[in-house]
Each structure stands twice: as structure tokens, then as C-alpha cells.
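Here is a short briefing on one structure. Look it over first, then read on.

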Amino acid sequence: MIVVYSTDQEKFKKLSGFAQTLSDEVIGVAPFRDNHVKKLIVAKTEDLAVETISEQRPSLVLLSEGKREVTVGARVAARLNAPFSSSCNSLKVEGGKVVVERLGFGGVVKATVELSTPAVVVIQPPDSESREFETEIHEYEGKGKMEILNTKRQTSTVNLQSAKVIVSVGRGIGGKENVKYAEELAQVLNAALAGSRPVTAELKWLPEDRQVGLSGTKVRPKVYIAVGISGQPQHLAGMKDSGLVIAVNKDKNAPIVENADYTVIADAIEFCKAITEALKK
Amino acid sequence: MTLNILVAFKIVPDETLIKISGDKVDLNVPVKISTYDKNAIEEGLELREKYGGKVIGISVGVNDRKTIREALAMGLDEVISITPKTYADALATAKLISEEAKGYDLLIFGESSTDGGDSAVGPMVGEILGYPVITYVRRVEIQDGFLVAERNLTPEVEEVKAKLPCVISVTGEANTPRIPTLKQIMESGKKKVVAKEVEIASSSRLVNLTPYFVPRKKVIIEGKLEEQVQKVVEILRGNL
């Protein structure tokens, strides 16, 4: 039996569909109601999710990518005395073992890991069809070990995972006041605006949900334009699977050059201004 | 109150120096304290400065003297270094740390390591010990035996409270790790390191490691700005 857990309704649906390709017996655990599984247990907090998932005694727990999911998954694994793997992008069952593929070392290395069952896996599932059911819903009540004083949902400013074109900004843009030149380029291309970790999490030139990279969102647009991004492994880990990669950088020796189809050796701001004008025509 | 803190840090190959040749990955490169584990150490030190107490470090895996000394030079009081004889996965590592983790008020981990990066060991240790688990913490304070923390769960920010002892993992934005002074580096040699070699079984196995790269054209476009722009516009038109 497989338990699926996600705190995101869209991801929950996708994950349930994937789980149903592996087993007929799938139980969902989520903080919301949903009808893409036969049986759903609503658990509002991480503590409650850990309790109820562990109680099901599953042979496999699948969780979607996300910070809460990783936390819940690792805790469940400890409860079940089961191996755990996160950030996986493929999974198959072979001779009673679960074999996953994931990236490691900042995305430089692909690792194949074999887990004995029961196993707990955080995965970005392949696209699978998800059916709707007459779902049997249970509410899991209880008290956790931590008290939640308040939760602020920062308005999400972008959906990078579904963007077809992304213009991404790095430190090389020079300052917060210059981000607008990349933004204007993004607008004419109908692209999403993203940024590297320094620009988002550290310097706050852009909101944090726009971070592409190992600790941000992993994206795979048709076209990825990296403006003033040197190409640290942590950043590359988040954009390697993009279709076409175009970089704009002053430095011919920046690591991004090795990871781009085309690198324009130019000043980031001047280039953004000029190409935005050209594309408007 | 004073705090007894245990900080876990992992010694990992420097991922920026990993060499790829053909289908081989060469991990035999200089090691370092895993990036966010430095934030864990720093958080422990800042809490000690604020509330008093001790900060002990624990590291499972590579037993590199120089790197352990760097952690001591940052300000840890002592380090427990555990070297498993065979591969220890996250759960095995968590079990080893749990055995050493009793009696502390607070256990601090980094949000993720830069090698495997499962983000699992901290939450697993918390679960094994039955402590509250608070991950992705960017701000923390202690109030009358309770820990109050702000978690960054992009796009959510959550403020939580839990009774000590507990386990936290800290993010890179929690603080700026200090760089030890020459004097601290000199003195770190006198600090205690408890080294142990242990046997532990893992229920997962690394089957193989291969380089991961997507072949790229690597074309450099130089010259006049107008010409560069013209070229990129053509490329974009052909791909959108």
C-alpha cells in the first residue's frame, strides 16, 4: 500500500496519479480535501501528518517536492525505520526494492539509489493521468508537539514551474534598481522573471519565490535566459533541464558559458535595453 | 537559563571542485564543512553568547582533522567525530547522532547538506528522540524553557513554539557564519575531539554516481551590441 502526501493541491493530484500506476491501494494524506484518491485522511499539521502516515504501515510513502513534505517524509522514515530519499526525479520498483534517481553535489552528479521497503521518497513525479473517486474522507485530529503561533502566506508572485520562457537575473545586473531592465525584457517575451539565490534569498532584489536553483525552484522552460548569472553549481542544478539556454555575461570564463547554448559577452543592462527595443519592433 | 547545544555538521567534498572526466566523477577533492552546517554552527554560537552554556559539535563521516579544527576555531567547545566503517545513509547517520544526543536542550542542523542533500538527518534525529522538529528556521529565541522560531517555508512563513528539548534546522539566511581569527585557529588545536569508529547498517545503497550534464552548444557571441542583439533575436524567433 502506498501513502501519498502533499500540501499542494496540484502536486497532490499529480502524485496520486503516479502512485496509482504503481499500486491499486493508494491512501492520500493532505491538509485539504481532495477526490483523486479512494481514501483521504485530512491532517492539518506536519505533526499530525507524521502520525497518521506512520500508522498506515505503508510499504511506500511518496511525497511531493516541498519543505514541509521533506520534513514530514524524513520523520515518517525514522518512525518506520525506513530508508529515505528526497529530490528524486524517477522511481521504479525492481525485485522488491525501490530504485530512485536524484541529483547530488549541487546538481553535478546523478545518483542512483536503491532503497529496501518500506521506503519514503520525495519525488517530482512524471506526468500521469489522475482519476476522480467517490473519496472516503477521514479527519485526523490530535495535538502536535509544536504550537503554530501564526502562518503568513506570502502572496506567490509567479509560477516558475509552468513558465515557457524565463528571464533570470544574477548579481551581475549590478543592483536592485537595474532589475527592471530584465523585467522589461521578460515582459516583451511574455516570460517569467526569476533570479539566482544571491539576488533573491540574500540581496532581496526579487521575492524569494522567484529563486531558481538547488534551494529554490527547479525549472525546465523552453528558453532560459540567464542575465548576469555566473553559473554556480547550485544555480545550474535548478535550470539544467531547460530547453535552450542563452546567457548574457561580461566574463567569457564564467562557468555559465559551459552550460549555455549561446553566451552573449556584453553588459547585462545594455544588452537588456537593446534587445527589449529590438523585440518591440 | 543556560543552554546545552549539540550542533551537527557534515564534512563533504567541495562541490565546486568536483572533477568530471568522461563518465567518471572524481570526488577525491578537498573537503569542507557543508555550507549550511556553518550556519548551524554559527546559530549555536550566537545562542551561547546570548544565553550561556556549551556548544558541542558532532560530525558523522569523513574524519578530516583540518576541517574539524576549523569548526572548533569558529568556537565549538568540543567535537565528537564518528566514523562509520561502511556507508551510512541518512537514517544510519541519524541513529548514530541520536545515541550521542541525549541530555542536550537543543540540537541544531543545517537545512541541507551540499553532497546528498536529503535534508533528512535533523528531522530523523528529532523523531528518534521524540523531540519537536522545527525545520527551515531563520530566527530563533528561547523563552522560559520554550523555543520560539520563525520558519521560512517559501511561500509561507510560520512562527512556532515548542518546549525544549527540540531539534531545529537552520537556513542559509539565519545568520552569517563567522570566520575564525588567527588566534582562534591556533587555540583550536587544544580543544577536545572525541573520535569513534563504529559499525552501522544502512537500508539504502548508492548504486552508482554518474556525471550529470546536458550537452550545450557553448557558442560565444561577441562583437558590437547591435549585432549581438540581432543574433539573439533570430535565435529566439527560431525557438519560440
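How many residues of chain A are in contact with chain B, and how many of chain B with chain A? The model is predicted, and in it 80 residues of chain A are in contact with 74 residues of chain B.

**The interface as a whole**

- About 6,900 Å² is buried between chain A and chain B. Carbon and sulfur atoms give 57% of that area.
- Three residues stand out on the side of chain A: A:Lys67, A:Phe105 and A:Tyr262. Together they supply 11% of the area that chain A buries against chain B, more than any other three residues.

**Polar and charged links**

- The interface of chain A and chain B holds 12 salt bridges.
- One salt bridge joins the side chains of A:Arg68 and B:Glu158, at 2.8 Å from N to O.
- Polar contacts link 44 residue pairs across the interface of chain A and chain B, counting pairs with both residues at pLDDT 80 or more.
- On the side of chain A that touches chain B, helix 3 (residues 67–80) gives the most, with 9 residues.
- The residues on this side of chain A comprise 37 nonpolar, 19 polar and 24 charged.

**Strands paired between the chains**

- Strand 10 (residues 146–153) of chain A runs antiparallel to strand 11 (residues 156–163) of chain B. The two are joined by 7 bridges.
- A:Arg153 has B:Glu156, in strand 11 of chain B, opposite.

**B:Glu15, a residue in a loop**

- B:Glu15 sits in chain B, in the loop between strand 2 (11–13) and strand 3 (19–21).
- Is B:Glu15 buried or exposed? Its relative accessible area is 3%, under the 20% cut-off, so B:Glu15 counts as buried.
- Residues of both chains touch B:Glu15. From chain A come A:Phe105, A:Val108, A:Pro233 and A:Gln234. From chain B come B:Lys32, B:Thr35 and B:Thr114, leaving aside residues up to four places away in sequence.
- The side chains of B:Glu15 and A:Gln234 also make a polar contact of 2.7 Å.

**Helix 2 of chain B**

- Which residues of helix 2 (residues 65–74) of chain B are buried? They are B:Thr67, B:Ile68, B:Ala71, B:Leu72, B:Ala73 and B:Met74.
- These buried residues pack against several elements of chain B, among them strand 2, helix 1 (35–51) and strand 7 (78–84). Helix 5 (182–188) and strand 13 (192–198) are also packed against.

Technical notes. Residues numbered from 1 in each chain as written. Chains lettered and ligands numbered in written order. Predicted model: local features only at pLDDT ≥ 70, side-chain atom pairs only at ≥ 80, totals over all residues. Heavy atoms only, no water. Helix = DSSP H or I, 4+ residues; strand = E, 2+ residues; numbered from the N terminus. Buried < 20%, exposed > 50% of the residue type's maximum accessible area, 1.4 Å probe, protein only. Polar contact = N/O pair within 3.5 Å; in protein donor to acceptor, adjacent residues only side chain to side chain. Contact = heavy atoms within 4.5 Å. Buried area = accessible area lost by both parts, 1.4 Å probe. Salt bridge = Lys/Arg side-chain N within 4 Å of Asp/Glu carboxyl O. Nonpolar A, V, L, I, M, F, W, Y, C, P; charged D, E, K, R; others polar. Pairing = 2+ DSSP bridges.
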